[in-house]
Amino acid sequence: MRKSIASGVLIGMAAYLFLRAEKPWGALLFGFALCFVCLFELDLFTGKIGWFGAKDLPYLKILLGNAIGVVIVCLLLRWNMGVQEEAATLVAAKVALPWYLALINGAFCGVLMFLAVYSWSKGLRAGCFLCVTVFILCGFEHSIADLAYMAYANVWTWNLAWILVGNWVGAVGCRLLMMDNAPFFSLLQTKK
């Protein structure tokens, strides 16, 4: 649980950075959190969920730990000047999303998160910053970061559930399409 909470703390700090930084610096620097999650082998839900069905991991425990870490940081930092207002503006756009767009945007973020973490495991360290910057600039939805923005704003939406499912579908779908032993492609191969 400690590794999950630590990941949540880092994402909460990165969300704070994003809210406080000049654009596009917040998007470019948000990846520091994922960099340290990978470096210290911490448990981040969006970094692990791509292995659902392939590895037996405590996904719900990881999600709970991430939420605890995020909430701790947000409760401590949300009183800083301007953060609540900036977060409320950002969250209003997330609340206004139709459920299917929350799901789609969550799925594409899931793809990028799987690519970021997998690229780190293969030695491409820049993948963390590159993929995180891309998902932020594209407006894709990261469930743990969105939880942080909602905690800073103290505004909540059920779209977070759709974003969470989207992160899961996108990450697992990416793994199933891209891995050498992907079951999707083995079904398409014709037998000779």
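Mentor: A polar contact is a pair of N or O atoms within 3.5 Å; within protein, one atom must be able to donate a hydrogen and the other to accept it, and residues adjacent in sequence count only if both atoms are side-chain atoms. Here, a polar atom of the His142 side chain lies 3.0 Å from the backbone nitrogen of Ala145. The model is predicted, so local features need pLDDT of at least 70 and side-chain atom pairs count only at pLDDT 80 or more, while totals for chains, interfaces and linings use all residues. Residues are numbered from 1 along each chain as its sequence is written, and side-chain values use heavy atoms, with hydrogens and water left out.

Trainee: Where is His142 placed, and which residues does His142 touch?

Mentor: Helices are DSSP runs of H or I with at least four residues, numbered from the N terminus. His142 sits in the loop between α8 (126-138) and α9. Contact means heavy atoms within 4.5 Å. Not counting residues up to four places away in sequence, His142 touches Leu44, Thr46, Cys109, Met113, Phe135, Ile163 and Asn167.

Trainee: Does His142 count as buried or exposed?

Mentor: Buried means under 20% relative accessible area, exposed over 50%, and partly exposed in between, with a 1.4 Å probe and protein chains only. His142 counts as buried because its relative accessibility is 2%.

Trainee: How is the length of a helix judged, for instance that of α10?

Mentor: The expected span is 1.5 Å times one less than the number of residues. Helix α10 (residues 159-178) has 20 residues and reaches 28 Å from its first C-alpha to its last, close to the expected 28 Å. Its buried residues include Asn159, Ile163 and Asn167, and their cover includes α4 (45-48), α6 (83-96), α7 and α9 (143-153). Asn159 counts as buried because its relative accessibility is 7%. Beyond residues up to four places away in sequence, Asn159 touches Lys94, Val95, Leu97, Trp99 and Ala102.

Trainee: What do the buried residues of α7 pack against?

Mentor: They pack against α3 (31-39), α4, α8 and α10; among them are Ala102, Cys109 and Met113. Helix α7 has 23 residues and spans 33 Å between its first and last C-alpha atoms, close to the 33 Å expected.

Trainee: Which residues make the nonpolar surface patch?

Mentor: Like charges are joined within 9 Å, and nonpolar side chains (Val, Leu, Ile, Met, Phe, Trp, Tyr) within 5 Å. Accessible areas come from the Shrake-Rupley method with a 1.4 Å probe; for residues, only the protein chains shown count as cover. Trp99, Tyr100, Leu101, Ile104, Phe108 and Trp162 make a patch of about 590 Å². Helix α7 (residues 99-121) gives the most, with five residues. Ile104 counts as partly exposed because its relative accessibility is 39%.

Note on methods
Patch = residues over 30% accessible without salt bridge, like charges linked within 9 Å, V, L, I, M, F, W, Y side chains within 5 Å. Salt bridge = Lys/Arg side-chain N within 4 Å of Asp/Glu carboxyl O. Helix = DSSP H or I, 4+ residues; strand = E, 2+ residues; numbered from the N terminus.
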